[in-house]
Amino acid sequence: MSDTPVFIPAWNEEQNIAAVLDDLRREIPDADVLVVDDGSTDGTAAVARAGGAEVLSLGANRGLRVGVAAGYRWAHEHEYAFCGRVDADGQHPVVELKRLLERVRDGGCDVAVGSRFASGDGFEPYRYKPSAARRFGTALLRRSMRVVLRRPFLDATSGMYAANAKALPVLAEPYTSEAPEVQALIRLNDAGLRVDEVPVDMRPRAGGESKLRGKKSVLVVLTVIGTLFAVDRLRRR
Ligand SMILES: Nc1nc2c(ncn2[C@@H]2O[C@H](COP(=O)(O)OP(=O)(O)O)[C@@H](O)[C@H]2O)c(=O)[nH]1
Ligand SMILES: [Mg+2]
(Lines give C-alpha, C1' and ligand atoms only; values in the text may rest on other atoms or scores of the structure.)
(Ligands and ions follow the chains in the order given, each with its own letter.)
Protein backbone atom coordinates (compact mmCIF):
# COMPACT_ATOMS: atom_id res chain seq x y z
CA MET A 1 0.00 0.00 0.00
CA SER A 2 1.20 3.49 -0.89
CA ASP A 3 1.21 6.29 1.70
CA THR A 4 -0.47 8.65 -0.75
CA PRO A 5 -3.86 8.35 -2.42
CA VAL A 6 -4.99 10.78 -5.09
CA PHE A 7 -8.73 11.20 -5.44
CA ILE A 8 -10.74 12.58 -8.31
CA PRO A 9 -14.29 13.87 -7.84
CA ALA A 10 -16.19 13.04 -11.01
CA TRP A 11 -19.66 13.57 -12.35
CA ASN A 12 -20.29 12.44 -15.92
CA GLU A 13 -16.68 12.65 -17.06
CA GLU A 14 -16.42 9.51 -19.20
CA GLN A 15 -14.83 11.59 -21.99
CA ASN A 16 -12.02 12.90 -19.79
CA ILE A 17 -11.30 10.55 -16.90
CA ALA A 18 -9.17 7.97 -18.77
CA ALA A 19 -6.61 10.62 -19.77
CA VAL A 20 -6.43 11.88 -16.17
CA LEU A 21 -5.80 8.33 -14.92
CA ASP A 22 -3.06 7.84 -17.56
CA ASP A 23 -1.44 11.10 -16.48
CA LEU A 24 -1.54 9.94 -12.84
CA ARG A 25 0.02 6.55 -13.62
CA ARG A 26 2.79 8.25 -15.56
CA GLU A 27 3.63 10.97 -13.05
CA ILE A 28 2.90 9.32 -9.69
CA PRO A 29 2.97 5.58 -10.44
CA ASP A 30 2.86 4.47 -6.80
CA ALA A 31 -0.20 6.51 -5.77
CA ASP A 32 -3.45 4.75 -4.84
CA VAL A 33 -6.17 6.25 -7.02
CA LEU A 34 -9.78 6.82 -5.96
CA VAL A 35 -12.51 8.14 -8.23
CA VAL A 36 -15.49 9.55 -6.31
CA ASP A 37 -18.26 8.86 -8.77
CA ASP A 38 -21.17 11.04 -7.85
CA GLY A 39 -24.17 9.37 -9.45
CA SER A 40 -22.80 9.65 -12.99
CA THR A 41 -25.31 8.51 -15.59
CA ASP A 42 -22.62 7.88 -18.20
CA GLY A 43 -19.72 5.40 -18.23
CA THR A 44 -17.52 7.26 -15.71
CA ALA A 45 -17.38 4.42 -13.14
CA ALA A 46 -16.66 1.72 -15.74
CA VAL A 47 -13.95 3.77 -17.43
CA ALA A 48 -12.38 4.53 -14.02
CA ARG A 49 -12.32 0.83 -13.06
CA ALA A 50 -10.88 -0.11 -16.43
CA GLY A 51 -8.17 2.50 -15.80
CA GLY A 52 -7.20 0.76 -12.55
CA ALA A 53 -8.82 3.17 -10.09
CA GLU A 54 -10.81 2.27 -7.03
CA VAL A 55 -14.33 3.70 -7.40
CA LEU A 56 -16.39 5.08 -4.54
CA SER A 57 -19.93 5.45 -5.86
CA LEU A 58 -22.27 7.81 -4.02
CA GLY A 59 -25.38 6.53 -5.82
CA ALA A 60 -27.38 9.63 -6.71
CA ASN A 61 -25.73 12.94 -7.59
CA ARG A 62 -25.10 14.66 -4.27
CA GLY A 63 -23.01 17.57 -5.44
CA LEU A 64 -19.34 18.44 -5.47
CA ARG A 65 -19.25 19.38 -1.79
CA VAL A 66 -20.32 15.87 -0.78
CA GLY A 67 -17.88 14.27 -3.23
CA VAL A 68 -14.95 16.32 -1.96
CA ALA A 69 -15.62 15.53 1.72
CA ALA A 70 -16.03 11.82 0.82
CA GLY A 71 -12.62 11.73 -0.88
CA TYR A 72 -10.78 13.25 2.07
CA ARG A 73 -12.81 11.12 4.52
CA TRP A 74 -11.73 7.97 2.66
CA ALA A 75 -8.06 8.99 2.86
CA HIS A 76 -8.40 9.88 6.55
CA GLU A 77 -10.17 6.64 7.47
CA HIS A 78 -7.55 4.59 5.64
CA GLU A 79 -4.90 6.43 7.69
CA TYR A 80 -2.84 7.67 4.79
CA ALA A 81 0.02 10.06 5.56
CA PHE A 82 -0.77 12.32 2.59
CA CYS A 83 -3.50 12.89 0.02
CA GLY A 84 -3.81 14.60 -3.34
CA ARG A 85 -6.83 15.75 -5.32
CA VAL A 86 -7.19 16.58 -9.00
CA ASP A 87 -10.23 17.29 -11.15
CA ALA A 88 -11.61 14.74 -13.61
CA ASP A 89 -11.87 17.10 -16.57
CA GLY A 90 -8.16 17.26 -17.43
CA GLN A 91 -7.61 20.80 -16.13
CA HIS A 92 -5.05 19.74 -13.54
CA PRO A 93 -1.75 18.43 -14.95
CA VAL A 94 -0.55 15.73 -12.55
CA VAL A 95 3.04 16.93 -12.86
CA GLU A 96 1.87 20.03 -10.96
CA LEU A 97 0.16 17.99 -8.25
CA LYS A 98 3.40 16.05 -7.88
CA ARG A 99 5.19 19.28 -7.00
CA LEU A 100 2.51 20.15 -4.43
CA LEU A 101 2.83 16.71 -2.83
CA GLU A 102 6.61 17.04 -2.63
CA ARG A 103 6.22 20.35 -0.87
CA VAL A 104 3.89 18.87 1.73
CA ARG A 105 6.06 15.78 2.11
CA ASP A 106 9.13 17.98 2.74
CA GLY A 107 7.24 19.59 5.62
CA GLY A 108 7.08 23.04 3.99
CA CYS A 109 3.34 23.27 4.68
CA ASP A 110 0.34 21.19 5.75
CA VAL A 111 -1.62 21.89 2.58
CA ALA A 112 -0.44 23.10 -0.84
CA VAL A 113 -3.04 24.53 -3.23
CA GLY A 114 -2.31 24.83 -6.96
CA SER A 115 -2.99 28.37 -8.15
CA ARG A 116 -3.55 29.81 -11.63
CA PHE A 117 -3.34 33.34 -10.33
CA ALA A 118 -0.28 33.25 -8.04
CA SER A 119 3.02 34.17 -9.72
CA GLY A 120 6.74 33.72 -9.07
CA ASP A 121 9.10 30.74 -9.50
CA GLY A 122 9.07 31.38 -13.24
CA PHE A 123 5.27 31.67 -13.46
CA GLU A 124 4.15 34.94 -15.03
CA PRO A 125 1.47 37.06 -13.35
CA TYR A 126 -1.82 37.41 -15.28
CA ARG A 127 -1.19 34.25 -17.30
CA TYR A 128 -4.85 33.28 -16.84
CA LYS A 129 -7.71 35.68 -17.51
CA PRO A 130 -11.04 34.62 -16.06
CA SER A 131 -13.99 34.82 -18.48
CA ALA A 132 -16.10 37.99 -18.34
CA ALA A 133 -18.79 36.14 -16.41
CA ARG A 134 -16.30 35.00 -13.80
CA ARG A 135 -14.19 38.16 -13.54
CA PHE A 136 -16.57 39.98 -11.21
CA GLY A 137 -16.94 36.97 -8.95
CA THR A 138 -13.20 36.34 -8.86
CA ALA A 139 -12.39 39.93 -7.87
CA LEU A 140 -15.04 39.96 -5.16
CA LEU A 141 -13.91 36.61 -3.83
CA ARG A 142 -10.29 37.80 -3.59
CA ARG A 143 -11.25 40.84 -1.58
CA SER A 144 -13.37 38.73 0.72
CA MET A 145 -10.66 36.15 1.24
CA ARG A 146 -8.19 38.84 2.18
CA VAL A 147 -10.57 40.11 4.86
CA VAL A 148 -11.50 36.70 6.23
CA LEU A 149 -8.08 35.02 6.13
CA ARG A 150 -6.16 38.22 6.82
CA ARG A 151 -3.80 37.30 3.98
CA PRO A 152 -4.14 37.32 0.20
CA PHE A 153 -5.43 34.18 -1.48
CA LEU A 154 -5.79 34.55 -5.24
CA ASP A 155 -7.27 31.25 -6.45
CA ALA A 156 -9.63 30.24 -3.64
CA THR A 157 -11.79 27.96 -5.78
CA SER A 158 -8.90 25.80 -7.00
CA GLY A 159 -9.44 22.10 -6.32
CA MET A 160 -5.83 21.03 -6.90
CA TYR A 161 -4.74 20.10 -3.38
CA ALA A 162 -2.00 18.21 -1.60
CA ALA A 163 -2.54 17.64 2.14
CA ASN A 164 -0.90 15.86 5.05
CA ALA A 165 -2.55 13.70 7.72
CA LYS A 166 -3.01 16.67 10.07
CA ALA A 167 -5.19 18.41 7.49
CA LEU A 168 -7.25 15.36 6.45
CA PRO A 169 -9.81 15.37 9.30
CA VAL A 170 -10.34 19.10 8.74
CA LEU A 171 -10.86 18.62 5.00
CA ALA A 172 -13.14 15.62 5.55
CA GLU A 173 -15.75 17.52 7.62
CA PRO A 174 -19.04 17.97 5.70
CA TYR A 175 -19.27 21.18 3.68
CA THR A 176 -22.30 23.44 3.90
CA SER A 177 -21.22 25.86 1.17
CA GLU A 178 -21.50 25.39 -2.60
CA ALA A 179 -17.80 26.25 -2.87
CA PRO A 180 -16.19 23.61 -0.67
CA GLU A 181 -12.66 24.81 -1.47
CA VAL A 182 -13.36 28.28 -0.10
CA GLN A 183 -14.85 26.80 3.06
CA ALA A 184 -11.85 24.46 3.34
CA LEU A 185 -9.41 27.40 3.29
CA ILE A 186 -11.24 29.12 6.13
CA ARG A 187 -11.32 25.96 8.19
CA LEU A 188 -7.65 25.21 7.66
CA ASN A 189 -6.84 28.77 8.64
CA ASP A 190 -8.98 28.48 11.79
CA ALA A 191 -7.25 25.22 12.66
CA GLY A 192 -3.88 27.00 12.52
CA LEU A 193 -2.59 24.84 9.67
CA ARG A 194 -0.15 26.19 7.15
CA VAL A 195 -1.56 26.52 3.63
CA ASP A 196 0.70 27.51 0.73
CA GLU A 197 -0.74 28.89 -2.51
CA VAL A 198 1.62 27.55 -5.16
CA PRO A 199 1.76 28.83 -8.77
CA VAL A 200 0.88 26.09 -11.30
CA ASP A 201 -0.18 25.80 -14.89
CA MET A 202 -3.63 24.48 -15.62
CA ARG A 203 -5.21 23.47 -18.91
CA PRO A 204 -8.62 24.21 -20.31
CA ARG A 205 -11.25 21.50 -19.58
CA ALA A 206 -10.59 18.63 -22.03
CA GLY A 207 -14.19 17.94 -23.06
CA GLY A 208 -17.80 18.66 -22.12
CA GLU A 209 -18.92 21.68 -20.17
CA SER A 210 -18.08 23.09 -16.75
CA LYS A 211 -20.77 22.48 -14.18
CA LEU A 212 -20.30 26.07 -13.03
CA ARG A 213 -21.06 28.43 -15.87
CA GLY A 214 -22.01 32.03 -16.58
CA LYS A 215 -24.61 33.48 -14.28
CA LYS A 216 -24.53 30.45 -12.03
CA SER A 217 -20.86 31.05 -11.22
CA VAL A 218 -21.63 34.61 -10.11
CA LEU A 219 -24.48 33.32 -7.96
CA VAL A 220 -22.27 30.72 -6.34
CA VAL A 221 -19.61 33.30 -5.53
CA LEU A 222 -22.20 35.61 -3.98
CA THR A 223 -23.55 32.74 -1.87
CA VAL A 224 -20.05 31.86 -0.82
CA ILE A 225 -19.20 35.40 0.16
CA GLY A 226 -22.39 35.54 2.19
CA THR A 227 -21.30 32.39 4.00
CA LEU A 228 -17.81 33.75 4.54
CA PHE A 229 -18.99 36.84 6.29
CA ALA A 230 -21.54 34.94 8.35
CA VAL A 231 -18.81 32.58 9.51
CA ASP A 232 -16.44 35.41 10.21
CA ARG A 233 -18.98 37.33 12.28
CA LEU A 234 -19.75 34.26 14.38
CA ARG A 235 -16.09 33.68 14.98
CA ARG A 236 -15.49 37.17 16.32
CA ARG A 237 -18.20 37.00 18.93
N1 LIG B 1 -18.44 14.33 -7.03
C2 LIG B 1 -18.85 15.34 -7.80
N3 LIG B 1 -17.98 15.91 -8.62
C4 LIG B 1 -18.42 16.94 -9.37
C5 LIG B 1 -19.74 17.45 -9.35
N6 LIG B 1 -19.81 18.52 -10.19
C7 LIG B 1 -18.58 18.64 -10.72
N8 LIG B 1 -17.75 17.68 -10.25
C9 LIG B 1 -16.34 17.44 -10.54
O10 LIG B 1 -15.59 18.49 -9.98
C11 LIG B 1 -14.54 18.87 -10.85
C12 LIG B 1 -14.66 20.34 -11.22
O13 LIG B 1 -15.87 20.56 -11.92
P14 LIG B 1 -15.97 21.54 -13.17
O15 LIG B 1 -17.31 21.38 -13.78
O16 LIG B 1 -14.80 21.28 -14.08
O17 LIG B 1 -15.86 22.97 -12.48
P18 LIG B 1 -14.87 24.16 -12.86
O19 LIG B 1 -13.50 23.56 -13.10
O20 LIG B 1 -14.91 25.04 -11.66
O21 LIG B 1 -15.43 24.77 -14.09
C22 LIG B 1 -14.61 17.90 -12.03
O23 LIG B 1 -13.76 16.82 -11.75
C24 LIG B 1 -16.06 17.46 -12.03
O25 LIG B 1 -16.26 16.18 -12.60
C26 LIG B 1 -20.67 16.78 -8.50
O27 LIG B 1 -21.85 17.12 -8.41
N28 LIG B 1 -20.17 15.75 -7.74
MG1 LIG C 1 -13.09 22.18 -14.50
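Residues are numbered from 1 along each chain as its sequence is written, and chains are lettered from A and ligands numbered from 1 in the order in which they are written. Because the model is predicted, local features need pLDDT of at least 70 and side-chain atom pairs count only at pLDDT 80 or more, while totals for chains, interfaces and linings use all residues; side-chain values use heavy atoms, with hydrogens and water left out.

**Helix packing**

Two packed helices are described by the angle between their axes and the distance between the axes. Helices here are DSSP runs (H or I, at least four residues), numbered from the N terminus, and axes are lines fitted to C-alpha atoms over the stretch in contact, with angles running from 0 to 180 degrees between N-to-C directions.

The axes of helix H1 (residues 17–27) and helix H4 (residues 94–105) cross at roughly 45° and come within 9 Å. That makes H1 oblique to H4, where angles under 35 degrees count as roughly parallel, over 145 as roughly antiparallel, 65 to 115 as roughly perpendicular and the rest as oblique. On the H1 side the contact (heavy atoms within 4.5 Å) is made by Val20, Asp23, Leu24 and Glu27, and on the H4 side by Val94, Val95 and Lys98. These residues divide into four nonpolar, no polar and three charged, with Ala, Val, Leu, Ile, Met, Phe, Trp, Tyr, Cys and Pro counted as nonpolar, Asp, Glu, Lys and Arg as charged, and the others, Gly among them, as polar.

For helix H5 (residues 132–149) and helix H7 (residues 180–190), the axes come within 11 Å and cross at roughly 20°, which makes H5 roughly parallel to H7. Leu141, Met145, Val148 and Leu149 of H5 meet Val182, Leu185, Ile186 and Asn189 of H7, a set that divides into seven nonpolar, one polar and no charged.

**Ligand 1**

Of the 19 residues around ligand 1 (a heavy atom within 4 Å), Glu13, Asp38, Ala88, Ser210 and Lys211 come nearest. The table gives polar contacts, that is, pairs of N or O atoms within 3.5 Å.

| Side chain | Ligand atom | Distance |
|---|---|---|
| Asn61 | oxygen of ligand 1 | 3.1 Å |
| Asp89 | oxygen of ligand 1 | 2.7 Å |
| Ser210 | oxygen of ligand 1 | 2.5 Å |

**Arg49**

Arg49 is found in helix H2 (residues 44–50) and touches Val55 and Ser57, not counting residues up to four places away in sequence. Arg49 and Gly226 are 177 residues apart in sequence, and their C-alpha atoms are 39 Å apart in space.

How values were computed. Helix = DSSP H or I, 4+ residues; strand = E, 2+ residues; numbered from the N terminus. Polar contact = N/O pair within 3.5 Å; in protein donor to acceptor, adjacent residues only side chain to side chain.
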